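Please open the structure in the viewer and keep the selection tool at hand. The stops below say what to select and what is to be found there.

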2 protein chains.
Amino acid sequence: MKPHKSTAETRFGMIKSRHTESFQHALNIGRMDTPIISLCEYISKTNNYYTTSSCSGRIILLDMQGNEKDKRESLFHFKKHEFVQFEEIWKSLNEKTQGTVWFKMDSFILHLGTDSLENAEKIIQSMKKAGIKRGGIMVAKEGKFLTEFQGTQTISLPVKEKNTILIEQKYLKHVVEIANQKLEKNLRQLERLEKEIKKTLK
Amino acid sequence: MKPHKSTAETRFGMIKSRHTESFQHALNIGRMDTPIISLCEYISKTNNYYTTSSCSGRIILLDMQGNEKDKRESLFHFKKHEFVQFEEIWKSLNEKTQGTVWFKMDSFILHLGTDSLENAEKIIQSMKKAGIKRGGIMVAKEGKFLTEFQGTQTISLPVKEKNTILIEQKYLKHVVEIANQKLEKNLRQLERLEKEIKKTLK
């Protein structure tokens with residue numbers, strides 16, 4: 001049974017204010033990644049959109065223990081949303097770890113919710129104008145449309161197996177340099193997205 | 001101006017038969033990746049769905065020349081949709097290349113089109129039931145809904161810069177082994193997807 005429009009509107013208002021509160025809370029306790037705050041703040045002030053979760057992009061050492069499908073069995077041994085130094089990665093890698101350790105550069109990821117297909121399409125338009133190729137509408141229900149989009153810059157390689165480091169320092173230095181370059185590109189892509197979103201979503 | 005339903009239906013029929021022809025042509029000239037043929041054949045026989053492009057997953061050496069955003073400037077120096085041997089990768093890596101060479105394992109990617117939001121939602125449901133986390137509706141227009149989804153198994157690392165190989169043979173052997181394991185997992189995910197699609201899309 002379809003709800004009356006007013007019920008749908010009320011429900012959307014409730015969802016939006018719940019997510020806006022979560023965002024404000026994350027912001028207050030310093031759990032938001034700096035490069036994505038301004039975009040999320042803008043979205044929280046629009047009438048028809050909210051963010052459910054976001055990451056501005058990061059460089060990590062992931063300690064995969066057991067079944068890699070189960071994220072609960074993986075540990076962020078190192079995580080930073082800004083440029084990294086070779087020395088801190090090398091130091092962290094030499095600390096005690098459990099399973100297979102992966103060095104990764106992950107692009108930004110953003111989840112945006114809205115109330116209608118028409119408004120969800122506007123998100124996709126902004127995304128395309130910003131040159132972002134990965135993402136789309138993930139949930140399409142009456143009154144609840146959730147979108148996800150993600151940058152495409154990525155590095156992902158195994159660097160330690162049990163307690164043996166698999167790569168040479170020189171190679172890791174090179175990889176760290178490329179990871180920083182990719183993070184920089186990722187941040188520029190995020191800025192472009194913010195610009196397009198501000199033009200399109202109101 | 002919205003088209004009459006009959007016009008939209010005619011248009012959808014035309015789009016679907018055009019894509020079905022492309023698929024049949026690719027199949028006939030041997031350009032379809034074997035592990036995804038059965039799924040694409042099933043889809044081509046449904047009433048409401050078609051595939052626009054697909055890849056079953058692959059292991060590649062990508063020679064990035066110049067601006068990496070521009071795929072035209074990148075060359076597939078090596079490409080295979082099945083398990084690889086260390087020796088063939090090593091041999092290929094030692095051949096002449098131009099720019100930065102990346103070793104990559106890419107997951108499957110599938111583009112499915114349909115005629116309505118309701119039918120697009122069914123695709124998303126199959127995807128979720130098959131445990132596929134990445135993807136969604138990328139185009140949402142009257143009579144034309146395009147979805148994309150992709151596996152999440154991935155490896156991506158630089159292995160050669162201009163003419164210098166950056167990694168040791170021993171490490172590459174290890175990486176090739178992991179890439180094969182990931183390709184195997186990717187194929188199992190694809191099988192699971194095929195099963196769910198056959199249950200849901202008719």
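Select B:Lys198 and B:Glu194: both lie in helix 5 of chain B, four residues apart, or about one turn of the helix. Helices here are DSSP runs of H or I with at least four residues, and strands are runs of E with at least two, numbered from the N terminus. The model is predicted: local features need pLDDT of at least 70 and side-chain atom pairs count only at pLDDT 80 or more, while totals for chains, interfaces and linings use all residues. Residues are numbered from 1 along each chain as its sequence is written, chains are lettered from A and ligands numbered from 1 in the order in which they are written, and side-chain values use heavy atoms, with hydrogens and water left out.

B:Lys198 and B:Glu194 form a salt bridge, with the closest N and O atoms 2.9 Å apart. The term denotes a side-chain nitrogen of Lys or Arg within 4 Å of a carboxyl oxygen of Asp or Glu. Is B:Glu194 buried or exposed? B:Glu194 counts as buried, at 13% relative accessibility, whereas B:Lys198 is partly exposed, at 36%. Buried means under 20% relative accessible area, exposed means over 50%, and partly exposed lies in between (1.4 Å probe, protein chains only).

Next, select B:Glu184 and B:Arg188, which are four residues apart in helix 5 (residues 169-200) of chain B and therefore separated by about one helical turn. A salt bridge joins B:Glu184 to B:Arg188, the closest N and O atoms being 3.3 Å apart. B:Glu184 is partly exposed, with a relative accessible area of 31%, and B:Arg188 is partly exposed at 44%.

Then select B:Lys80 and B:Glu88. Their salt bridge has its closest N and O atoms 2.9 Å apart. B:Lys80 is partly exposed at 24%, and B:Glu88 is partly exposed at 23%. Over all chains, the count comes to ten salt bridges.

Finally, turn to chain A and select helix 3 (residues 86-94) and helix 5 (residues 169-200), which pack at an angle of about 125° with their axes 10 Å apart. Helix 3 of chain A is therefore oblique to helix 5 of chain A. Angles under 35 degrees count as roughly parallel, over 145 as roughly antiparallel, 65 to 115 as roughly perpendicular and the rest as oblique. Which residues of helix 3 of chain A meet helix 5 of chain A? A:Phe86, A:Ile89, A:Trp90 and A:Leu93 meet A:Gln169, A:Leu172, A:Lys173 and A:Val176 of helix 5 of chain A (contact means heavy atoms within 4.5 Å).

Key:
Axes fitted to C-alpha atoms, helices over the stretch in contact; angles between N-to-C directions.
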